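Here's a quick briefing to read alongside the model. Have the sequence open as you go.

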Amino acid sequence: MKALSKLYPREGLWMTQAPVPEIGPEDVLIKINKTGICGTDIHIWNWDDWAAETVPVPMITGHEFAGEIVELGRNVTDLTIGQRCSGEGHLIGKTSRQSRAGKFHLDPGTRGIGVNEQGAFAQYLRLPAFNVVPLPDDIPDEIGAILDPLGNAVHTALSFDLIGEDVLITGAGPIGIMAAAVARHAGARHVVITDVNADRLALATKVADVVPVNVTEADLAETVSDLGMKQGFDVGLEMSGNQQALDQMVEAMTMGGRIAMLGIPPGKSPVDWSRIVFKAITIKGVYGREIFETWYKMIAMLQNGLDVSRVITHTFPVDAFEAGFAVMRSGKSGKVVLDWTI
Ligand SMILES: [Zn+2]
């Protein structure tokens, strides 16, 4: 089968031939139709310090996918051949305290497809049946291929009650933009999104009913007063991993505000804890998606009017993957989808 692999420990990815994976009794084999390029895949392409430390070579990359089941392990009874599906790319153990409590997303032994295990940028993917998420007929493959990052957005956004709240999102990458759409869908009053990239802010306003603020040229405090907000933001969603953005967020929060952090700072970063204490702010770190409550909620919201389709700005046939990665690395795209069927 065709597979997009990290073959050598240096910049780039290579299209190669790999054997179709053999499945175990609890697995399914999925024929891949569409995949999404993630920021994680860009780290792996660039072969930065994180990638070099984390990813063994050779490795088939990719973890955002939609496809259909073509083979069932002998113990799999609740899925069918031909079922369209996406799936959770975090492979979890079942023996940790967290897993046994049903908090699968907190299992300390989690392994990621396309990072620690052979991934989804291939014509076929082996996945435990447990990880499969069937796709309803009204959710197309291109949306199925971005449910993983939409799940990050949903998990982060739904960390706190949003109804009637004023929400600040720092970072207008695809996940920040989708989180804005989710916050709006979930009943927030004002949703403000900040970035330093004008293209991304413009895309945010196409996808969601959101107020964009380019912090290189505008003052966030002015936006707050233009909106008639009496105090600061009630809920903050930090999606940028940028120290200044987090500082700005803490500054802009109201007393007792709540912050969910998905962005990953590049290293240790200084924090003025006194402001967090005096404002009585709650901070929650967010990783991955809740397995499988986030999947349930996002599919339900998509079926009930949540529309994130415009966050997909480019689709390429997989043989043009280099163009797809180039546009993704330019910072001028939303989600980029690779089509494995043409
Ligand atoms: Zn991803």
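By class, what residues make up the lining of the largest cavity? It has three nonpolar, four polar and one charged residues (Ala, Val, Leu, Ile, Met, Phe, Trp, Tyr, Cys and Pro count as nonpolar, Asp, Glu, Lys and Arg as charged, and the others, Gly among them, as polar).

This is a predicted model, where local features need pLDDT of at least 70, side-chain atom pairs count only at pLDDT 80 or more, and totals for chains, interfaces and linings use all residues. Residues are numbered from 1 along each chain as its sequence is written, and side-chain values use heavy atoms, leaving out hydrogens and water.

**Domains**
- The chain splits into domain 1 (2–146 + 308–339) and domain 2 (152–285), with bounds from an automatic or database domain assignment.
- Their centres, taken over C-alpha atoms, sit 28 Å apart.

**The interface**
- Domain 1 and domain 2 bury about 890 Å² between them, 70% of it on carbon and sulfur atoms (accessible area, 1.4 Å probe, lost on putting the two parts together and summed over both).
- Val308, Arg310 and Val311 supply 45% of what domain 1 buries against domain 2, more than any other three residues.
- One salt bridge turns up across this interface (a side-chain nitrogen of Lys or Arg within 4 Å of a carboxyl oxygen of Asp or Glu).
- Lys332 and Asp199 pair their side chains in a salt bridge, at 3.3 Å, N to O.

**The cavity**
- Glu238, Gly241, Asn242, Gln243, Leu246, Met261, Pro265 and Ser269 line the largest cavity (points on a 1 Å grid over the protein atoms alone where a 1.4 Å probe fits but cannot get out; lining residues have an atom within 4 Å of a point).

Key
1 Å grid on protein atoms, 1.4 Å probe; cavity = no way out; pocket = protein on both sides within 12 Å on 5 of 7 lines; lining within 4 Å.
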